[in-house]
Amino acid sequence: MSESTVARPIALDADAPALPGLLRASWLVAQKDLAIEFRTRTAFFSALVFALLGLTIFYFAWDPTAVASIDLAPGVLWVIFTFSGLLGLQRSFGVEQADRAMDALLAAPVEREAIYLGKAAANFLFVAGVQVVAIPAVALFYNVPLGSIWLSLTGIAVLAALGIVAVGTLFSAMAVNTRLAELLLPMLSLPFFVPIVMAAAQTTSRLLAGRPESEAWPWLRILLGFDLVFMLACAIAFPYTLDE
Amino acid sequence: MTTPITGRPSTSSAGGADANTAGDGARSRPALIDGWIVAAALAVIAAYVRIIWFTPPEATQGLAQKIYYLHLPAALNAYLAFGVVFVTSIVYLWLHEERADLVAESSAEVGLLFTTVVLITGPIWAKPIWGTWWTWDARLTLTLFLWFIYAGYLLLRGAIVEPSLRARYSAVLGILGALLIPFIHMSVYLFRTLHPMPIVLKPDRPSLPPEMLHTLIFSFLAFVLVYLALVRARYRLSLERVRLAALEGSLEGGR
Amino acid sequence: MVPGSRSEARSELPVVEAEGLIRAFGGRRAVDGVSLTLHGGECLALFGPNGAGKTTLLRLLAGLLAPSAGRCLVGGVSLRADGGRAARSRVGLISHASMLYSALTARENVEFAARMYGLRRPAEAALRALKAMRVADRADSAVRALSRGLQQRVSIARAIVHEPLLLLCDEPYTGLDEVGSAALTEALGERRAHGAALLLVTHNLSEGLALATHAAIMRRGRFVRLEERGQVDGASYASAYRELVTADV
């Protein structure tokens, strides 16, 4: 073996590949995750059924004469939202662990953040998909006129999903490497979900009660602030969870 | 490159120049009860004495109010401990200094202890005053969440065997947890406020009469001393464990 | 094996140029000062006992780990350039784990890799790679429906789809039957003939030496032997290797 020679970069020929940028790589990862989920559909339907079951159980756990279902609905909606979201988050990095596919992702010439963003995007769509069914189900089971506030509700749902997915995707990446992955993910995530659930539920109940939107605004500010801070912080933190 | 903590005779001691610092096998093992712990214990006893005998009881709340001298300093130290976790987490991720991780671990355990004290003394104080054991007032709720974050932090550590992975993950959680606290604070405050008006930490003069204020400060300093002593002892335990693991590793040969 | 390749290879740029590579975990150095130069068309078979640092070295070259110290150029670019992306684009990684998504088809897996490496015609490249590994007829089967040997072939297709300059193989023969092993050897040889450099980590001396132009033994993070294949006599190498391995126990 010769000693090292003076190095000059090998000239790239015209047909050389253009390495995917952050957005493109994130999109590829998200697309791949969604393709896997679509192929099996198990996790999605499990989360969906879980959400519906949860709504049902909560309904029967209260005395309908003591508590009006319309008062119960916002809380139940957003609590179920977080727990069914957790089911989706659990499997997020599980697919990468199975045959060490994560190594192939890390060996690819893409930025590490793209892996996080792509998976977070896929998780967002997963959570949103469950909500598309769960929110009407709440309106149905609890006899709540959610349709009257559907626009605001969609906005709240989007903001809440962003927060849950930002934190949950990161913790999913961490939990998958520990011994108690299924227990650890909810335990780490739930304290972080509390501001989200509070803001979403309080806003929903105020809007349902017909109170002016200005009353809901402080809560929405918290939710927005949470999303901004944690989407940024988790994206930055993600490369630190990798072994480098 | 970081200074690896392997089985070298320690020329670098943690913190002050304490004669009891662990050396190589030739010297005696460090005493479990060292100067710091004795000093802390004395300070706490002195604080208790002052609280019970030398501080007048409060007018409206009576004797039960005296638990406040434990409750508030414990709370402040619980948050101080988390501040230390936050800072050492950043230091670890930035410098990869293993010792920062050990300090974080020690501070988290002691912090959990203090937080538990707050959560126990809170209800004990609340029952005679408010009539219920638990009130979801803003401060106590925030402390409950601090407890959850500490618990999550320590459980995460417990679930990871490999040291550098554990340190990295803990550091990330330490930083994110610190970011969470203001949001919990805002959420809970917006939700309800039932706590007695903050009679010490007002921007202008605290409205406690002088003897009570002094007792409070004294108690606070005693608790800080306890915090430092416990963290120091726990940190040295961590160092011993790391050295033991390194020795075992080198005994296995060629790994 | 390509005889006489050394004199021609020396005039080209080396594919791998590593100098004083060190990787420490806590206080322990898994890779402790490795220097290595590999040219296109060469294949280095790397042997060594468990824990010698072979896998760590591979992961360093693949960009999965950052070196604690030392410098390394892959295809003329530093491991650190552009966040490591430039170097990683020139490397392919094969391991005993398939690194595939079992729910997706073989084609989808390899196309995903092709896209992640920025290939302009990913579908074509994927099919070409699958054909090279003689697994194109099962391209649309889900990976989990394939036997282990076929999965490994798909995994190799994934690794070569972007025609890497450097192929890193970590015990790729594990779990392969005779047919699978033969296909793997053929594919690796073909890559080498196309000018790639190979680094093959294996416990199997005969399989490793069959492809190698160079052989090395690693122990405790260092190369203790490094020589050309032509200078190695199979039998004496085997016994020397055994001695080195048992010396650690």
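**Helix pairs in chains C and A**

Visitor: Which residues of α7(C) do C:G149, C:Q152, C:R153, C:I156 and C:I160 in α6(C) meet?
Guide: These five belong to α6(C), and they meet residues of α7(C), where contact asks for C-beta atoms, placed from the backbone, within 7 Å, and helices are DSSP runs of H or I of at least four residues, numbered from the N terminus. This is a predicted model, in which local features need pLDDT of at least 70, side-chain atom pairs count only at pLDDT 80 or more, and totals for chains, interfaces and linings use all residues. Residues are numbered from 1 along each chain as its sequence is written, while chains are lettered from A and ligands numbered from 1 in the order in which they are written. The partners in α7(C) are C:V179, C:G180, C:A183, C:L184, C:A187 and C:R191.

Visitor: Are α6(C) and α7(C) roughly parallel or roughly antiparallel?
Guide: The axes of α6(C) (residues 148-160) and α7(C) (residues 178-193) come within 9 Å and cross at roughly 10°. Angles under 35 degrees count as roughly parallel and over 145 as roughly antiparallel, so α6(C) and α7(C) are roughly parallel.

Visitor: How are α8(A) and α9(A) arranged, roughly parallel or roughly antiparallel?
Guide: The axes of α8(A) (residues 181-208) and α9(A) (residues 213-237) come within 9 Å and cross at roughly 155°. That angle makes α8(A), relative to α9(A), roughly antiparallel.

Visitor: How many nonpolar residues does the contact of α8(A) with α9(A) have?
Guide: Among the residues making this contact are A:P195 and A:I196 of α8(A), together with A:W219 and A:F226 of α9(A). Besides 2 polar and 2 charged residues, the number of nonpolar ones in this contact is 11.

Conventions. Axes fitted to C-alpha atoms, helices over the stretch in contact; angles between N-to-C directions. Helix = DSSP H or I, 4+ residues; strand = E, 2+ residues; numbered from the N terminus. Parallel < 35°, antiparallel > 145°, perpendicular 65-115°, else oblique. Contact = placed C-beta atoms within 7 Å. Nonpolar A, V, L, I, M, F, W, Y, C, P; charged D, E, K, R; others polar.
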